[in-house]
Amino acid sequence: MTASEVAASEARLSFAPVDPATNPHLRGPFESVVTESDLTGLRVVGEVPAELNGSYVRNGPNPRFAPIGSYTYPVDGDGMVHRIRLVDGAASYSNRFVRTPAIEREEQRGHAIWPGVMSGAVPDPADVEPDLAYVTRDLPDINIVRHAGRILALAESDNPFRLSSNLETLGRELFDGALPAGITAHPKIDPLTGEMFTFCYLLEPPYLTWSSLGPDGSVVRPPTPVAGVDAPCMIHDMALTSTNLVLFLAPLLFDVHAAMSGGSLLSWQPDRGTRVGLVPRDGGPVRWCTDDAFWLWHTANAFDGDADGTGDDRVVVDFVRHDHPGMGLSTAPNTTSLVRTVLDPRSGGMHHSVVDDADIEFPRIDDRSIAGRHDRIAVSTDSGRRTLPIGAADALYWYRPSDGRRKGWISDDLLLGEPAFAARPGDPDPDHGWWMTFATDADATTSQFLVFAASAPDAGPVARVEIPVRVPLGLHGNWLPEEH
Ligand SMILES: [Fe+2]
């Protein structure tokens, strides 16, 4: 019997429905949408820039049926992709589930079969047909990227699902069988080379591998173990410089045995500290920097050299630092800050400079600057004007980390998602592009798609596309320019 089979057999529990009244991520602006829509001719307040031709696509947890057992944001849910398509100033909207085997089986039954991730349990043959017994649920609900012509709905260290340009699910993407264990939800594409770098963490040794794909989508470096990793850690994001992958090993460990005993699948073990691995893109030996425990969900800028540009083999990474990951795994206070961190592999240490201690998340940059020196970050944030659940924001901030300058835009009536950048075609200046995001009305019945000029984002949206249905708050999205 495998560990999953043992967990399933010992956990023959009757999983009760999760009451939305007890979970803020199942109601209001987070409540699932189950209707798939195609809406054209949307009303625009302001003007959509004529140069913006393409689609903004965004993924997020959206359980198909009422969850059973547990529901933990942001690691549970089914994937739903929402798309705004802009063509010559006109806007249309579509949304589709990322159709996984679990969704299709649950639709046949008319209710949820798989309990929440934190239960550590999977259905056994008493619950589901043999082909899906003991199988964990696919959760391609975190991010959506396009590389080498493939549109991928990405899961947390698992197989992505490939989508058509019309958001139809084409199936599980195994990259010609070369990446069978899957990839992170946050791979990084080098804009200069077109390569995509990724990692995958595993519950069994070697616990962590990295790999790369060429600009044509072929796997150039097959999964390669990261030496020196002795336990299964959850790693949500990575950073990329022109010479290194940067992998943060915070002490958030998987504990299958605890889950089998009714405990949590994840445990926060701060005594272990946080280690950051610099993994050379050319396959050289990994170097480590260590610090007291901290957690991060997301990185922003990363580049070789120290922040003054005088460094040798130091690496600079901007990211949102948390004391711990939340999710009910620690009772300690949790502070959040945007930091610029210099990693020094010669001393094995790191130094954090706080850019802002606001309660921010979802840091994004102009992705044309991935792996290169860059000094702009956009984030979403809770302005503190009212009480918002984790993952909800009512403001966007734009930073220059080198001097801490910040611009902001706060909404009185909208809850805002992660900002994403769209470049002005043919123009390398990051101040000449646009920032965009979905926004959900505070009364959670309708939504908007907002476009901000990067030159003056704090002036407010230059275009508001009105969406007559609710787009729930979600996770990550990207602007996909029209391909010709
Ligand atoms: Fe993420």
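**The second largest pocket and beyond**

Guide: The lining of the second largest pocket comprises 21 nonpolar, 13 polar and 12 charged residues. Keep in mind that this is a predicted model. In total, 46 residues line the second largest pocket. Those nearest its centre are I189, D367, I370, N478 and W479. The space in the second largest pocket comes to about 1100 Å³.

Now the strands. Seven names need listing: β6 (143-147), β10 (188-189), β14 (238-240), β20 (295-304), β24 (360-364), β29 (420-422) and β33 (477-481). Each of them supplies at least two residues of this lining. The top contributor is β20, which gives five residues.

The whole structure holds three cavities of 30 Å³ or more. The largest cavity has about 50 Å³ of space. Its lining consists of H25, F30, P61, P63, Y71, Y73, L473 and G474. By class, that lining has six nonpolar residues, two polar ones and no charged ones.

On to the aromatic side chains. Searching the whole structure gives 13 aromatic pairs. Take Y56 and F449. Their ring centres are 5.5 Å apart and their planes meet at 35°, so this pair is tilted. A stacked pair would need planes under 30 degrees apart, and an edge-to-face pair over 60. Y56 belongs to strand β3 (residues 54-58) and F449 to strand β31 (residues 447-453), so the pair ties together parts 393 residues apart in sequence. Y56 is buried, at a relative accessible area of 0%. F449 is buried too, with a relative accessible area of 0%.

Another tilted pair is formed by Y201 and F254. Here the distance is 5.5 Å centre to centre, with 35° between the planes. Y201 sits in strand β11 (residues 196-201) and F254 in strand β16 (residues 252-254), so this contact ties together parts 53 residues apart in sequence. Y201 and F254 are both buried.

Return to Y56 and F449 for a moment. Together with F438, they make up one aromatic cluster.

Charges also meet rings. The charged end of R406 is placed over the ring of Y397, 3.9 Å from the ring centre. R64 lies over the face of F65, at 4.5 Å from the centre of that ring.

A histidine comes next. H82 is part of strand β4 (residues 80-87). H82 has a relative accessible area of 2%, so it counts as buried. Its side chain is joined to the side chain of Y93 by a polar contact of 2.8 Å.

Last, a loop. P325 lies between β21 (315-322) and β22 (336-344), in the loop that links them. At a relative accessibility of 7%, P325 is buried. From P325 to N95 the C-alpha to C-alpha distance is 30 Å, and the two are 230 residues apart in sequence.

Methods: Residues numbered from 1 in each chain as written. Predicted model: local features only at pLDDT ≥ 70, side-chain atom pairs only at ≥ 80, totals over all residues. Heavy atoms only, no water. Phe/Tyr/Trp six-rings, centres within 6.5 Å; stacked < 30°, edge-to-face > 60°. Helix = DSSP H or I, 4+ residues; strand = E, 2+ residues; numbered from the N terminus. Buried < 20%, exposed > 50% of the residue type's maximum accessible area, 1.4 Å probe, protein only. Lys NZ or Arg CZ within 6 Å of the ring centre and 35° of its normal. 1 Å grid on protein atoms, 1.4 Å probe; cavity = no way out; pocket = protein on both sides within 12 Å on 5 of 7 lines; lining within 4 Å. Points joined across faces, edges and corners; volume = space filled by probe spheres on them. Nonpolar A, V, L, I, M, F, W, Y, C, P; charged D, E, K, R; others polar. Polar contact = N/O pair within 3.5 Å; in protein donor to acceptor, adjacent residues only side chain to side chain.
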